[in-house]
Amino acid sequence: MDWLLDAETTAHKLALMVLAIALFALVMGGILFAVDKPKRVPQWVVVLGFLGPPLLLLVLGLVYPAIGTLVNSFKNNDGSEFVGVDNYAAVFSNSELLIVLRNTVLWVVLVPLVATTFGMVYAYLVDRTRFENLAKALVFLPMAISGVAAGIIWQFVYEYRPEGQSQIGLLNQVLVWLGAEPRQFLLNAPQNTFFIIAVMIWINAGFAMTVLSASIKAIPDDVTEAARLDGVSGFGMFRYVTVPSIRPALVVVLTTVAISTLKVFDIVYTMTGGQFSTSVIANEFYSQTFRQFNQGLGAALAVLLFILVVPIIAYNVRQLRLSEEIR
Amino acid sequence: MTASDVSQEVVTQATGKIDAPVTESWRSRRRQRRAEAAAERLSKPAASTIAIVIAVLWSIPTLGLFVTSFRTVEDIQSSGWWTAITNPLFSQYNYQAALVDSGLASNFVNSFVITLPAVLIPITLALLAAYAFAWIPFRGRNTLFVAVFALQIVPIQVTLVPLLTLYVDAGVAGSFWTVWLSHSMFALPLAIFLLHNFMKDVPPSLVEAARMDGAGHVTIFFKVLFPLLVPAIAAFGVFQFLWVWNDLLVALTFASNDATPLTAAVADLAGTRGNAWYLLSAGAFITMVVPLVVFISLQRFFVRGLLAGSVKG
């Protein structure tokens, strides 16, 4: 048993990994072999063979824990007794947690709007230019970077040295070149939140650009041609032809970025740890639950996150339905 | 017709769908369009310049840390990375310090050990589920599919504490098993949804034909559908790979010291040694190298996955 749980050497870890994959293959292979007799096995057994394992994992890993957290959110911080809506009341009255809520609103409004606008304008600008592929690849690249690495990259851009010393952070060096004083970008509230939000925009603009670029390219040539014959050009073309044509994709991008922004945790965790009034709900959930062991409050924050995601997805699904009906 | 013939036909049909318009007129139209595009390209020098300048600006933060990761400890502290152009002095000491002294080499192994099963297992399970939802008729199928689809809205945060309690009670907390299991569970709703979308686009006549030949569901799945789904699987595979490799939250919650992946180890360095830029820069690039290689080489599949419409964040 210990051999299965505590792997310390590289060889041991790799052996464990191979074992896990082999075990999984064996179990799944066994199930499939058992149900692959089309005539003799009743239909429901086949369905169970295909759907049973994934559904079991979904119930165990998502449904059951979600209900557990919902219950926890109405209990006190060590989970010993019910306290009604006290935890939720705390979220909306504690001054520090109100700052967390304010920051979350800033993130969810700014990141999707700025990243999508930038992505759209850039996709339009770069369309059919020289170096299009290279330029797009460079802007898209941050998508592959973890929030941790992105946080470190930008922390270094924002690095501060007192005036007079030579700056090692690029942004402060630019300020010095311009004749301004270097600043503590990440320490001074409330503007520090905006500098962390910039990192999320930096990552998501490439996503927005890629999706929107594909839908800009999908606009039929006759549509742009007809508009051109009508004398539409330049900004008019962008405003009256491109934007309306890619509206469904815009909605998808906005909502997708909004949801990933709501859940973002690693950037804040790496850059400030939520200190200096920069925390957001997802980060506050982590520190309340696992640092300060306020389980009830943490659960309430998680449920709040869930509640905030629902309307965005509902809107997304509605828009998808509408655009499918039009087609 | 045997099942493998069927799959052969499926492949030709599917590729035929893409290549069908390759007729002479289409070719000449394409040539003409290409010429127009080239002319437009030359007529948009301003747009080209702005686009490339923005792309360079976008890359500068990463480039800065990359240059820094090869500079000496004293240089990093005393001058900006941009001065390395006039005063180059590079070493690989930082990487050695990060990999050996800070032990990131073993975290690298952990990241690898975590990622491979956490990509293979959910894809396999999701393929089976997607097959059942697309091609096995049973009562309540649509309701169940909508329920699985709806589970995408559950944020991971909502599940962590009860799941951790479950693992502790089972006596497996902190091991690789819990990390594999958690990543697999969290990936399933999106994976099933995406693969189902691809799977139901396969022409029903092919599946019917195979069924007429007496092929069971497993045969149909492997011989008919699987070859057609390789691009879709690759698309989700890249997606899930990046997700797992770059994940911090699941790692911090479930992985104990011996199983800590790179992200968590580097985040810890950032918290405890916030000014040791020689370590942080090298550490950041050690976490980035594998996803960057995968991302660049498989970008085409990744983009396809994105365009298939996802709501996971």
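Visitor: Hi! Which domains is chain B divided into?
Guide: In this predicted model, chain B has domain 1, covering 20–91, and domain 2, covering 97–313.

Visitor: How many residues of domain 1 of chain B are in contact with domain 2 of chain B?
Guide: Eight residues of domain 1 of chain B touch eight residues of domain 2 of chain B.

Visitor: And what area do domain 1 and domain 2 of chain B bury between them?
Guide: They bury about 660 Å² between them, and 84% of that is on carbon and sulfur atoms.

Visitor: Which elements give two or more residues to the side of domain 1 of chain B that touches domain 2 of chain B?
Guide: Those are helix 3 (45–69) and helix 4 (73–78) of chain B. Helix 3 of chain B gives the most to that side, with five residues.

Visitor: Nice. How do the residues on that side of domain 1 of chain B divide into nonpolar, polar and charged?
Guide: Four are nonpolar and four are polar, with no charged residues on that side of domain 1 of chain B.

Visitor: What's the count of salt bridges between domain 1 and domain 2 of chain B?
Guide: The count there is zero. For polar contact, one residue pair is found across the interface of the two domains of chain B.

Visitor: Switching to chain A: where does UniProt place the feature "domain: ABC transmembrane type-1"?
Guide: An unreviewed UniProt entry puts that feature at residues 101–314 of chain A.

Visitor: What is the helix and strand content of residues 101–314 of chain A?
Guide: That span of chain A is 72% helix and 0% strand, and its end C-alpha atoms lie 22 Å apart.

Note on methods: Residues numbered from 1 in each chain as written. Chains lettered and ligands numbered in written order. Predicted model: local features only at pLDDT ≥ 70, side-chain atom pairs only at ≥ 80, totals over all residues. Heavy atoms only, no water. Domains from an automatic or database assignment. Contact = heavy atoms within 4.5 Å. Buried area = accessible area lost by both parts, 1.4 Å probe. Salt bridge = Lys/Arg side-chain N within 4 Å of Asp/Glu carboxyl O. Polar contact = N/O pair within 3.5 Å; in protein donor to acceptor, adjacent residues only side chain to side chain. Helix = DSSP H or I, 4+ residues; strand = E, 2+ residues; numbered from the N terminus. Nonpolar A, V, L, I, M, F, W, Y, C, P; charged D, E, K, R; others polar. UniProt positions renumbered as here; feature names shortened; annotations may be inferred.
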